[in-house]
Structure formats: C-alpha cells, structure tokens
Amino acid sequence: MPDGALGDLKIIELADMVAGPFCTKAMADLGAEVIKIEKPGAGDLARQRGPFPQDQPHPDRSALFLYLNTNKRGITLDISKPAGARIFRDLVKDADILVETQPPGALDAVGLGYHHLRELNPRLIMASITPFGQTGPYKDYKAYDLNCYHFGVVGYETPFNQVTDPATQPPLKAAGEQADCLAGWTTATAIMCAVHWRHLIGEGQHIDMAETEALANMLRANFPFYYGEGPEGPNRQRISKRQEWGLPWVWPCRDGYVAILAITDKHWEALKALLEHPEWMEEELFKTPLGRLMHADLIRSLLEGWLIEHGRDEIYKNGQALHLPVFPVQNLTEVMATQHFRDREFFVPREVPGVGPVLLPGPPFKMSLTPWSLRRPAPRLGQHNAEVYSGVGLPATETDRLREQGVI
C-alpha cells in the first residue's frame, strides 16, 4: 500500500526559491518521494530569506525554506562538473519526475536537457518552470515573482481602491509570492496530467511552464471582448463597472474592514435587513441588480455612513445570520487564531530541529482515504547525502573525495 496518494512517485527537484519547491512540496505532502538537489555550500536561495526565529539568520532556520521543503530528502550536488552530471544522470535514471527551474538551455549546455535524459529514461516526466517559458523572444529575460505578477496583468487588475477607475490607479503587488505559488500549483496539475498519460501510453514528456502564462491564464473569461482596445475602448471602460456587480467592495467600519457582496436580490434583501430597512434602499433605482450596478456610486456613498458607525464583528455576524456574504478582513494573527481553521486542523504543529515548535499551513483540501501528512521536516543542507548516494552505488570513500572536490 503506497504511503499517500502519490506514494508510488519518485521526484528529483532541481529548483530554488518558491515555484519549483512549492510544486514538489504539494506532491511530497501526498506521499511522493522527493529528493531536493542544492548547490554545495550555498544551498537553496530560500535559506537566505527570512523570517528567522529571533531574527537571527541561519540557513537551516528560514521560515520560507522550512515551509516549502517539508517531506523532502536533501542532497548537495554541482551538476556543472562532469562527476556531478554523471551522478545526476544516475538519479534521474530511476525517477518518475524531474522538476527544474534552470534558465532555458542551461541543462542542454551540460548534456542534461530533456532530450538527453529521455534517452536514459523514456518514462521521465520533466517539468521546466521559468518566467517566460522555453521559447519566445523573452525566454532569456530575467524575472522573479514581482515581475511575473505584473507582466501577467494581475497587478494592473488589482486597484488600490474601488472608488476610481482601475485604469487611473497605480498597480499593486499582492502579499507573499503569489505568482510563484500559482506557477507551482499549475505545474503540479500539469505533471499529474502527464502521469495519467504515461499510465495510458507508457511514455513521459516535457512540460514547459511559463510563470507569466500561469498568471495571464487567471484573467477574466471576458478578456477577449476587450483585447485590442485602448483605455478608452467601450469594453475596457465597462470592465471597471463590471467590477461593481454585486457591490464587491472592502468597506471601512468602526474597528477595521469588512468585505461585502450583494450579488442577488436575496443578498440585497439581506443587506436591507442588516441596515434595518432604511428608506433609501426601497427606491426604484435599486430594485434590480442592473439598477444597483448603474447606481453603485450612490449606494456606496449611502452605505459608508452606516458601516463606519458599526463594529466589524457585529456587521459580519449579523450579516451571516441573514445569509449575506460578509466577512471581516483578517490579519495574519487573526487568521492563525480562527476557530474554523483550528477545528479543521488546517494549521499543523511541527517540531523543527534547531527551531522548536512551529505551525505550518496544511493543504487546501482533505482526502478521505489518502490524507495529507507531514512525515519529516525540511532537510538541513546536505542532510541525506550519505543515504541517497549510497543508493546509487557510491561508496563512502568516493563521496568523501567528491566532497573535497566540491562536487557534493
């Protein structure tokens, strides 16, 4: 019986920072065996990123690294050296999946590209995650999460407020590494499609994952209707109003903010009940969803005064009792203390050597027969060298020699 839904998969990870490690983490947490390859000495760049406990940097204590690399075994290997490339081939020979984030052409230059590795392992599924993909005029451009987020238009569609047209406002970056995480989830999905195809046909394949395209793929379904129009085009002008359908705004209240939606007539009736049926909400202007859309600015001005006089918890609890989609805007501390997450055991306690007890986010789904689990903490740099290299036939004397040469 496999240890988890993906317990029959062996994955090699050759990736730094977020997108690649997040992809393999999703599969490792479901039972896949993941061997993470890091550069000797330096390791994954995420080891240098905080936050760190007590604000004291240490390569084995980065919260970002600890989260992204649970359930993996870690080794060090320099694949740019001939001996390192040979060992890499031995590792890939028996692997199901390779996830890599090297610049386009980098692996081909050292004889480790997909066409080289496919000769060793025809069943290999290789996923290459880069900002712009393996082809196209931008393929060699440098970019990170911030760049990809805005190149993919999502930042432009994230306005600072709901009062003015988004086209007239500066774009914003969302918190965290959302572009990287989205690329990681998207790649994991593509990999599992390739695994299914391999079960049917018996062949692996190469997945070319462009992070910017993962972002652009999130755009509105009506994107084609305003493609090609300038900022004054009729569809582009209307899109700012479509954003107000159902009054989807974040509102200031007496002690914070609440997010309210009133999409349907039933929602509008619930909102009226929440406000105790003020006369203005009975006006003919607001009888239909279209009418409320056309007069959204007026509704906003009338609602603001009531909301600022009421507390966040009062608004959301009374609103939810009326089946109105309303909820407080929570900060990180509030999210981690939310009783709902606690009851669903979303945050999982884990003892991390050298760090102590931590709470790690779990998966956004629950599987009844093959649940997600944390089997091991993120590896220390080179922690599993002896274990993994003995598995490919390297004696201890050889690994000692290769360590002295900077290969491992």
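Author: What follows begins with the sheet and then turns to the pockets and a few loop residues.

This is a predicted model, in which local features need pLDDT of at least 70 and side-chain atom pairs count only at pLDDT 80 or more, while totals for chains, interfaces and linings use all residues. Residues are numbered from 1 along each chain as its sequence is written, and side-chain values use heavy atoms, with hydrogens and water left out.

Six strands make up the open sheet, in the order β3-β2-β1-β4-β5-β6, with parallel pairing. β3 (72–76) and β6 (206–210) stand at the edges with a single partner strand each, so one side of each has no neighbour in the sheet. Direction ignored, neighbouring strands of this sheet are turned by 20° against each other on average. Strands (E, at least two residues) and helices (H or I, at least four residues) are DSSP runs numbered from the N terminus, and two strands count as paired if DSSP finds at least two bridges between them.

Within the sheet, β1 and β2 run parallel and are joined by four bridges, and the bridge partner of E13 is K36 in β2. Strand β4 (residues 97–100) pairs with β5, also in the parallel sense, over four bridges, and here V99 has A127 of β5 as its bridge partner. β2 is mostly covered, as five of its six residues are buried, where buried means under 20% relative accessible area, exposed over 50% and partly exposed in between, with a 1.4 Å probe and protein chains only. Helix α3 (residues 82–93) lies across β1 (10–14), β2, β3 and β4, and runs at about 150° to β1. Contact here means heavy atoms within 4.5 Å; axes are lines fitted to C-alpha atoms, for helices over the stretch in contact, and angles run from 0 to 180 degrees between N-to-C directions.

A pocket is an open set of points on a 1 Å grid over the protein atoms alone, where a 1.4 Å probe fits, with protein on both sides within 12 Å along at least five of seven lines, and its lining residues have an atom within 4 Å of a point. The second largest pocket holds about 940 Å³ of space, a volume being the space filled by probe spheres set on the points, which are joined across faces, edges and corners. β2 (33–38) and β5 (125–130), together with α1, α4 (106–109) and α6 (145–151), each supply at least two residues of its lining. Of the 38 lining residues, D16, T101, Q102, P103 and Y144 lie nearest the centre of this pocket. By class, its lining has 21 nonpolar, five polar and 12 charged residues, with Ala, Val, Leu, Ile, Met, Phe, Trp, Tyr, Cys and Pro counted as nonpolar, Asp, Glu, Lys and Arg as charged, and the others, Gly among them, as polar.

The largest pocket has a volume of about 1100 Å³, and its lining divides into 31 nonpolar, four polar and four charged residues. α2 (63–68) is among the elements that supply at least two lining residues there, and α2 gives the most, with five.

Lastly, P51 is found in the loop between β2 and α2, and a cis peptide bond joins G50 and P51, with omega at about 0°.
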